[in-house]
Amino acid sequence: MEQLAQQLVNGLALGSIYALIALGYTMVYGIIQLINFAHGDVYMVGAYVGYFCMVHLNLGFVESLVIAMAVCTVLGVVIERVAYKPLRKSTRIAVLITAIGVSLLLEYTMMFFVGADTRTYGVLPPFMEQSFNVGGVLITMKQIIIIGVSVLLMVVLQYIVRRTKVGKAMRAVSQDADAARLMGISVDNTISFTFALGSALAGAAGVLVGVYYNAINPLMGVLPGLKAFIAAVFGGIGLIPGALLGGYFIGAAETLVSGYWSSLYTDAVVFGILILVLIFKPTGLLGSNVREKV
Amino acid sequence: MLEIKDLEVGFGGITALKGISLSVAEGEIVTLIGANGAGKTTTLRTVSGLVRPRAGKILVDGQDVTRLSAQARVKRGLVQVPEGRRVFPQMSVLENLELGAYLRKDAKSVASDLDDVFARFPRLADRRKQHAGTLSGGEQQMLAIGRALMSRPQILLLDEPSMGLAPLLVQEIFSIVSEINAGGTTVLLVEQNANMALQIAHRGYVLETGKIVLAGTAAELTSTDEVKRAYLGG
Ligand SMILES: Nc1ncnc2c1ncn2[C@@H]1O[C@H](COP(=O)(O)OP(=O)(O)OP(=O)(O)O)[C@@H](O)[C@H]1O
Ligand SMILES: [Mg+2]
């Protein structure tokens, strides 16, 4: 029982990370039907920016988080404008290959500058190293921070998408881009904004992971990126609630498998889940035939 | 007020518009009628800036808007109710109407226009929280018109508002279009239902495979043999 609760707490923390990354995949897909394979690398860049801020500039956690989000926002918009926007009218496969190209570019540019070695965030402020024993279940301050920050960001995101003008424009463009144009909505700006939002969340996830595992490297975005993509597909790609559901489900599945079985099998289980979803419910758990995309 | 000059539009090998010219004066209802594939929708999409023409000009109040973005044209008061309604299906009626006012900053007059739309279409008022995709075809058409009104159009472009509606609803929609026009909005109405369109329009043009083949007042067109035979079922 305690073991189960422990694994669920761990799963909640890990799932928050996947959910944050999956949101970016799903929002971008919802608006331009593109699987942005460079998204996991934006998360990696976020982790490095956080590292640089905390280790080299001696900034606090919150400042570092905000700066990483800001840098990733700009990076996401630049990627969209430079790499994807010129291909708006191209075939989907051309854009997809470009996305893989951008991904490799980010990975190896980062490697060129910082080397391939794994780096650590070093000694964290003492308050972040605390942990609490709640009825035999160990909850660390880092986990609380990860879950708390993630939930806060998700609430802010929901507010933006549901209530603000630009959020309504995002939903309008995802449902009918031409009709949105007829309302006077700038589709290009709305797409950029979507990349900005998704990239900011990925940047935050990068810093949170850096703090959690205390180890980052230029290829760290590959596997979590893939898993977050699976999370998005699992919940129904294009659907914000689907990304959250998928993220937490994959996080919990991973920690349960490694807790009860072996961490060797976690990836196999996650990819197995993807295959099952694709066979039995290709539109994802929350997806239907007529689906809301953002 | 709106002038189209020698407009040519092509899609790859197909030439959809082969140099059409037409004009709509302030306060008029002008109808553009034609069979399937004549190029009516292409004309409106080009006027709204969704399609780039190969040649020709579009003028609003004498000013060339041919190179302007779709957004800038909405700002100019060129507002379209597209073919097939194109409401945002997963958004509420209210949100759809709010999107119509997307470019407007004057919250007060937006709110009063919203009241006007609900007064004009009481069925929308009852369903303001409902998803637009769950509305009936007639209600969706009302929403599409209401949404366009929220943009404060100078010139309202309507693409087959009668499509797929029962005769009684068609009547209702057309009388609403007349009312909107009487309120001072200039209207360019694309229709296949020539009969109804010519009843409310002042003037009309007949489009055939990308060319304007006839033009005249509504009365003239109604009494033309060709129009009677091809479009009025007699
Ligand atoms: N995006 C496009 N790509 C290729 N061809 C197009 C495109 N849009 C329109 N066309 C072609 O242009 C011609 C005119 O089409 P348009 O939709 O303007 O006709 P319409 O008069 O509105 O017909 P309907 O009454 O059926 O709506 C048609 O031959 C159509 O196939
Ligand atoms: Mg048409």
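How much of residues 262-280 of chain A is helix, how much is strand, and how far apart are the end C-alpha atoms? I looked this up first. The stretch is 79% helix and 0% strand, and its end C-alpha atoms lie 27 Å apart. Helices (H or I, at least four residues) and strands (E, at least two) are DSSP runs numbered from the N terminus.

Ground rules, noted before going on. This is a predicted model, in which local features need pLDDT of at least 70 and side-chain atom pairs count only at pLDDT 80 or more, while totals for chains, interfaces and linings use all residues. Residues are numbered from 1 along each chain as its sequence is written, chains are lettered from A and ligands numbered from 1 in the order in which they are written, and side-chain values use heavy atoms, with hydrogens and water left out.

**Entry: transmembrane record, chain A**

I checked the annotation for chain A. An unreviewed UniProt entry places the feature "transmembrane region" at residues 12-35, 65-84, 93-114, 134-161, 191-216, 228-250 and 262-280. UniProt positions are in the numbering used here, feature names are shortened, and annotations may be inferred rather than shown by experiment. I also took residues 191-216 of chain A: this span is 88% helix and 0% strand, with 30 Å between its end C-alpha atoms.

**Entry: chain A as a whole**

I counted elements next. Chain A has 11 helices and two strands, in the order α-α-α-α-β-β-α-α-α-α-α-α-α from the N terminus. Its radius of gyration is 19 Å, close to the 19 Å of the globule rule for 294 residues, so chain A is as compact as a globular protein of that length. The radius is taken over C-alpha atoms, and the rule is 2.2 Å times the number of residues to the power 0.38. Along the principal axes, the C-alpha atoms of chain A fill a box of roughly 60 × 45 × 35 Å.

Of the 294 residues in chain A, 56% are buried (buried is under 20% relative accessible area, exposed over 50%, partly exposed in between, with a 1.4 Å probe and protein chains only). Among contacts in chain A with a separation of 6 or more, 78% come from residues 24 or more positions apart (a contact is heavy atoms within 4.5 Å).

**Entry: Gly259(A)**

I found Gly259(A) in helix α10 (residues 240-260) of chain A. Gly259(A) is partly exposed at 28% relative accessibility. Apart from neighbours within four places in sequence, Gly259(A) is in contact with Gln3(A) and Gln7(A). Its C-alpha atom is 39 Å from that of Glu80(A), 179 residues away along the chain.

**Entry: aromatic rings**

I used this rule: rings of Phe, Tyr and Trp (its six-membered ring) pair if their centres lie within 6.5 Å, and planes under 30 degrees apart count as stacked, over 60 as edge-to-face and the rest as tilted. The count is nine aromatic pairs over all chains. One of them is Phe37(A) with Phe229(A), edge-to-face at 5.8 Å centre to centre and 65° between the planes. This pair links distant parts of the chain: Phe37(A) is in the loop between α1 (2-32) and α2 (39-56), and Phe229(A) is in helix α9 (residues 222-235), 192 residues apart. Phe37(A) is partly exposed at 25% relative accessible area, and Phe229(A) is buried at 15%.

Phe112(A) and Phe113(A) form an edge-to-face pair, 5.2 Å centre to centre with 85° between the planes. Both residues are exposed. Ring pairs also link Tyr25(A), Phe37(A) and Phe229(A) into a cluster.

**Entry: charges over rings**

I looked for NZ of Lys or CZ of Arg within 6 Å of a ring centre and within 35 degrees of the ring normal. The charged end of Lys165(A) sits over the ring of Tyr102(B), 5.4 Å from its centre. In chain B, Arg128(B) lies over the face of Phe118(B), 4.2 Å from the ring centre.

**Entry: magnesium ion, chain B**

Which residues are the protein donors of the magnesium ion (ligand 2)? I found Thr41(B) (OG1) and Glu83(B) (OE), 1.8 to 2.1 Å from the ion. Thr41(B) is in helix α1 (residues 40-48) of chain B and Glu83(B) in the loop between β6 (78-81) and α3 (93-100), 42 residues apart. Donors are N, O and S atoms within 2.8 Å of the metal (3.2 Å for Na, K and Ca); water is not among the atoms, so sites may look incomplete. Thr41(B) is partly exposed at 22%, as is Glu83(B) at 29%.
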